[in-house]
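Here are my notes on the model you sent over. Have it open beside you while you read.

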Amino acid sequence: MPAKDVVEQARRDLAHVPRVPGVRKPDAVLVADGVRRSFGGVNAVDVEHLEVQKNVITALIGPNGAGKTTFFNLMTGFDKPDTGTWVFDGTPLAGVAASRVAKAGMVRTFQLTKALARMTVLDNMRLGARDQPGEGLFAALVKPLWAAREREITDKAMSLLERFKLDAKKDDFAGSLSGGQRKLLEMARALMSDPALVMLDEPMAGVNPALTQSLLGHITDLRDSGTSVLFVEHDMHMVRHISDWVVVMAQGQVVAEGPPSEVMADQAVIDAYLGAHHDTDLGDDALLDEGGVIDAEAQAEADAELEDTEKAEGTAP
């Protein structure tokens, strides 16, 4: 079945799922049970049961300190829970190291990008590939053992860089990229391992308006090409427009689930999430630029990013 048909079927399946916290999904790619993590007596994560549906975009939202990033860290092996188990695509991953989690097909990005600044964009991409025989000490000394695989990895990296409009930057140091371009690089690098689930931690954080629409398009393309997506985001405009399902966390617990339109209309969610903005629609575009002003430095960076994107696409005047 074509990927888009699979996505539409997954959406139809979700339409019949009850709107209650911890509800079971028809085809879950990630299932977490009794996951708890505390710091100094404070429960950062206290998830009784959570399932992430396959082949859709799921948003994980909630106020600062709700436990969203900690939950990501636990699921991907960057932190250890006090208690709990979780299964990814049929494979138990509790207590598994981050490198093995990535090899299993669940990869993540970070709020603060982890690009290696003193390596080129292309070399950063190559690092994300699996099955590299040249990484072995003795095999590295015998070029015929790894040369063919190296060419395959390079070709794949260039294909992804072209898809993300970063191919013109392939020989630049990653540290020279703008914030938005580093987000694109990290997302592209995550795809080098052909993951089944991509977990994006605040993909819009620090991204100027010039690249916002591009990032949105790439995230929906991930889903449409057969990759499940789970992302943490505070940008409710983005959540409303691209997510198929929304999970709300507060004080470490899952307090609501459902389609974005229904979740954002839930008064309890509005009160918990917005606080001082309780009279503002969660999906109001005004929240994208509170006060309606973008400072001159940010605008200059946005203009530069837009110019780079236009040059890459061949649309610059």
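The points below go through the model one topic at a time.

1. **Ground rules.** Keep in mind that this is a predicted model: local features need pLDDT of at least 70, and side-chain atom pairs count only at pLDDT 80 or more, while totals for chains, interfaces and linings use all residues. Residues are numbered from 1 along each chain as its sequence is written, and side-chain values use heavy atoms, with hydrogens and water left out.

2. Have a look at helix H2, residues 68-75. (Helices are DSSP runs of H or I with at least four residues, strands are E runs of at least two, and both are numbered from the N terminus.) Seven of the eight residues of H2 are buried, so this helix is largely enclosed by the rest of the structure. Here buried means under 20% relative accessible area, exposed means over 50%, and partly exposed is in between, with a 1.4 Å probe and protein chains only. The buried ones are Lys68, Thr70, Phe71, Phe72, Asn73, Leu74 and Met75. After H2 comes glycine 77, which has a positive phi, near 85°.

3. **A nonpolar patch.** Leu137, Phe138, Leu141, Val142 and Leu145 make a nonpolar surface patch of about 600 Å². Patch members have over 30% relative accessible area and no salt bridge; nonpolar side chains (Val, Leu, Ile, Met, Phe, Trp, Tyr) are joined within 5 Å, and like charges within 9 Å. The areas come from the Shrake-Rupley method with a 1.4 Å probe, and for residues only the protein chains shown count as cover. To find leucine 145, go to the loop between helix H4 (121-127) and helix H5 (147-163). Leucine 145 counts as exposed because its relative accessibility is 52%.

4. **Salt bridges.** How many salt bridges does the count come to? The count is 19, taking a salt bridge as a side-chain nitrogen of Lys or Arg within 4 Å of a carboxyl oxygen of Asp or Glu. As background, side chains of opposite charge can pair when their charged atoms come close.

5. **Arginine 36 and its partners.** Arginine 36 pairs with aspartate 46, and their closest N and O atoms are 2.7 Å apart. Arginine 36 sits in strand E1 (residues 28-39) and aspartate 46 in strand E2 (residues 42-53), so the pair ties together parts ten residues apart in sequence. Arginine 36 also forms a salt bridge with glutamate 48, again with 2.7 Å from N to O. That pair links strand E1 to strand E2 across twelve residues.

6. Glutamate 150 and arginine 126 meet in a salt bridge with 3.9 Å from N to O. Glutamate 150 is in helix H5 and arginine 126 in helix H4, 24 residues apart. Glutamate 150 counts as partly exposed, with 27% relative accessibility.

7. **The cavity.** Which residues line the largest cavity? They are Thr109, Phe110, Lys183, Glu186, Met187, Leu200, Asp201, Glu202 and Pro203. On a 1 Å grid over the protein atoms alone, a cavity is a set of points where a 1.4 Å probe fits but cannot get out; a pocket is an open set with protein on both sides within 12 Å along at least five of seven lines, and lining residues have an atom within 4 Å of a point. This cavity holds about 50 Å³ of space. Helix H6 (179-190) and strand E7 (197-201) each supply at least two lining residues, and H6 gives the most, with three.

8. **The pocket.** The largest pocket has about 700 Å³ of space. (A volume is the space filled by probe spheres set on the grid points, which are joined across faces, edges and corners.) Its lining has 24 residues, and Ser99, Ala102, Val107, Leu127 and Gly128 lie nearest the centre. Helix H3 (98-104), strand E6 (106-108) and H6 each give two or more residues, with the largest share, five residues, coming from H3.
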